Amino acid sequence: MAHRHVSAGCAALTVLGALVLTGLPAAAAVEPPAPTPASSAAETLGADSPAPVVLRAMERDLRLTEAQARTRLVNEAEAGTRAGRLHNALGKRFAGAWVSGATSADLTVASTDVADTPAIEAVGARAVVVKTPLADLKTAKTKLDRSVTGQGLDTPVRYIDVRTNRVTVQATSRAAADTLIKAAGVDSALVDVEVTADQPRTLYDIRGGDAFYIDDTARCSVGFGVTKGAQQGFATAGHCGKAGARTDGYNQVAQGTFQASVFPGQDMAWVGVNSDWTATPAVKGEGGQDVQTAGSVQALTGAAVCRSGSTTGWHCGTIEQHDTSVNYAEGTVNGVTRTTVCAEPGDSGGSFISGVQAQGVTSGGSGDCTSGGTTFYQPINPLLSTYGLTLSTSTSGSGTSAPEDGQEGGWAVGRVYEVGDRVTLDGVTYECLQSHQAQAAWQPALAPGLWQRV
């Protein structure tokens with residue numbers, strides 16, 4: 001059901017140097033590889049059995065055949081596990097990983113030491129030797145972020161691009177970028193400057209992607225169903241409402257209240273709903289068909305990702321960069337992910353999902369879904385961890401919702417784990433391979449795509 005946005009401050013996006021999806025392989029020009037057998041990682045993450053609505057959108061927006069779309073999802077699940085193993089093995093020398101190709105058949109892993117090349121190639125990845133450690137790039141980006149003054153709209157976006165081994169600053173002019181780089185005291189050799197007229201903005205305008213209304217003045221989109229103890233609700237964008245703001249659902253029926261909200265700085269919030277509403281793992285796909293969320297395993301740079309929103313519906317694209325900083329008129333937001341997916345006002349807060357794995361909630365962007373654009377999302381795992389929430393998934397049904405005190409060092413359902421985290425379960429120590437929120441079915445011994453025994 002379409003709704004008109006009622007906030008005067010959230011008119012339709014003006015296209016400023018709109019970004020059109022480019023460089024995507026034409027299906028006719030790419031011969032898909034033989035189908036990849038489903039292995040432990042693909043089975044664990046549900047990548048071997050994608051929903052038809054996901055496949056159709058990937059075919060349309062990424063110009064793939066159905067076979068290519070299926071193969072791509074399996075390849076990306078497997079690549080995430082291989083990249084996680086190398087991340088843990090290389091330690092500080094690890095400089096990033098990304099997938100490429102129509103079916104994401106090519107995994108590239110960067111290291112600062114040429115001696116790591118045999119280990120990288122041994123797992124079927126392409127090795128790239130780079131000059132600058134990832135830690136140095138993160139330090140440079142932090143300095144740039146801290147040096148932004150005022151609203152920072154002349155240098156609105158900053159991110160680490162692991163594919164170029166550089167920090168990129170998007171700016172309205174070269175002079176604005178140079179001023180920021182000088183003020184930050186960052187070596188200009190570490191920074192690429194992209195001059196663009198694009199100006200990201202928040203997209204004001206309980207199934208993921210459905211509309212909800214805030215204090216009778218604005219419309220946003222549901223991200224993902226969540227629970228906190230007995231309280232049900234959903235995750236969404238922080239700029240959609242402040243703590244205490246009242247919400248109505250897509251059907252204009254009283255729904256709930258914002259329990260917590262952060263914006264700017266980050267763009268995360270969650271709404272607790274009343275007893276008339278139930279949190280589900282569903283995300284609204286094309287034609288109103290549901291995609292069932294199975295978890296929150298973070299996808300790699302280059303992976304396919306789809307978005308659901310109450311204004312423009314279901315669209316797909318690719319993940320460009322993680323850990324991006326963006327300056328909106330309202331302030332700076334750090335730690336978002338930059339994508340090629342389009343969005344428009346009212347889509348804010350809506351679901352980003354890769355295959356069946358939740359990725360984040362829509363924050364803002366530039367362009368539109370007619371000419372194309374760039375959209376940023378707030379990653380879901382930090383949101384879940386910050387507020388102590390449990391993602392509603394199709395695989396949930398047993399276990400505790402959040403870890404109890406005193407379980408530090410052990411494995412617990414509901415806890416968010418990052419690559420490299422170690423846990424001990426039944427006397428065995430495991431190391432995390434991919435960022436995710438633990439689920440009962442994903443015990444380390446049963447999920448080799450997410451954990452390795454050490």
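## The largest cavity

A cavity is a set of grid points where a 1.4 Å probe fits but cannot get out. In this predicted model, the largest cavity has a volume of about 170 Å³. Its lining is made by 17 residues. Closest to the centre are Leu45, Glu76, Ala77, Ser354 and Gln357.

Which element gives the largest share of the lining? Helix α3 does, with four residues. Both α3 and strand β21 (357-368) supply at least two residues each. By class, the cavity lining holds nine nonpolar, seven polar and one charged residue.

## The largest pocket

The model also has pockets to consider. The largest pocket has a volume of about 1,100 Å³. How many residues line the largest pocket? The count is 42. Of these, His87, Leu134, Lys138, Gln298 and His322 lie nearest the centre of the pocket.

## Helices α2 and α3

Two packed helices are described by the angle between their axes and the distance between the axes. Helix α2 covers residues 52-62, and helix α3 covers residues 66-90. Their axes lie 9 Å apart, and the packing angle is about 110 degrees. Angles of 65 to 115 degrees count as roughly perpendicular, so α2 and α3 are roughly perpendicular to each other.

Which residues meet here? From α2 come Val54, Leu55, Met58, Glu59 and Leu62. From α3 come Glu66, Ala69, Arg70, Arg72 and Leu73. The contact of α2 with α3 has six nonpolar residues, four charged ones and no polar ones.

## Helices α5 and α6

Helix α5 (residues 134-147) packs on helix α6 (residues 174-184) at an angle of about 110 degrees. The axes of α5 and α6 are 8 Å apart. That angle makes α5 roughly perpendicular to α6.

On the α5 side, the contact uses Lys143, Leu144 and Ser147. On the α6 side, Leu180, Ile181, Ala183 and Ala184 take part. Five residues of this contact are nonpolar, one is polar and one is charged.

## Aromatic pairs

The structure holds six aromatic pairs. One of them joins phenylalanine 352 and tyrosine 377. Their ring centres are 4.7 Å apart. Their planes stand at 35 degrees, so the pair is tilted.

Where do the two residues sit? Phenylalanine 352 is in strand β20 (residues 351-354), and tyrosine 377 is in strand β22 (residues 372-379). The pair therefore ties together parts that are 25 residues apart in sequence.

## Two backbone details

Is the peptide bond from phenylalanine 263 to proline 264 cis or trans? The bond is cis, with omega near -5 degrees. Proline 264 has its place in the loop between β13 (254-262) and β14 (268-273).

Asparagine 165 is the other backbone detail. Its phi is positive, at about 60 degrees, although asparagine 165 is not a glycine. Asparagine 165 is found in the loop between β4 (157-161) and β5 (166-171).

Technical notes: Residues numbered from 1 in each chain as written. Predicted model: local features only at pLDDT ≥ 70, side-chain atom pairs only at ≥ 80, totals over all residues. Heavy atoms only, no water. Axes fitted to C-alpha atoms, helices over the stretch in contact; angles between N-to-C directions. Parallel < 35°, antiparallel > 145°, perpendicular 65-115°, else oblique. Contact = heavy atoms within 4.5 Å. Nonpolar A, V, L, I, M, F, W, Y, C, P; charged D, E, K, R; others polar. 1 Å grid on protein atoms, 1.4 Å probe; cavity = no way out; pocket = protein on both sides within 12 Å on 5 of 7 lines; lining within 4 Å. Points joined across faces, edges and corners; volume = space filled by probe spheres on them. Phe/Tyr/Trp six-rings, centres within 6.5 Å; stacked < 30°, edge-to-face > 60°.
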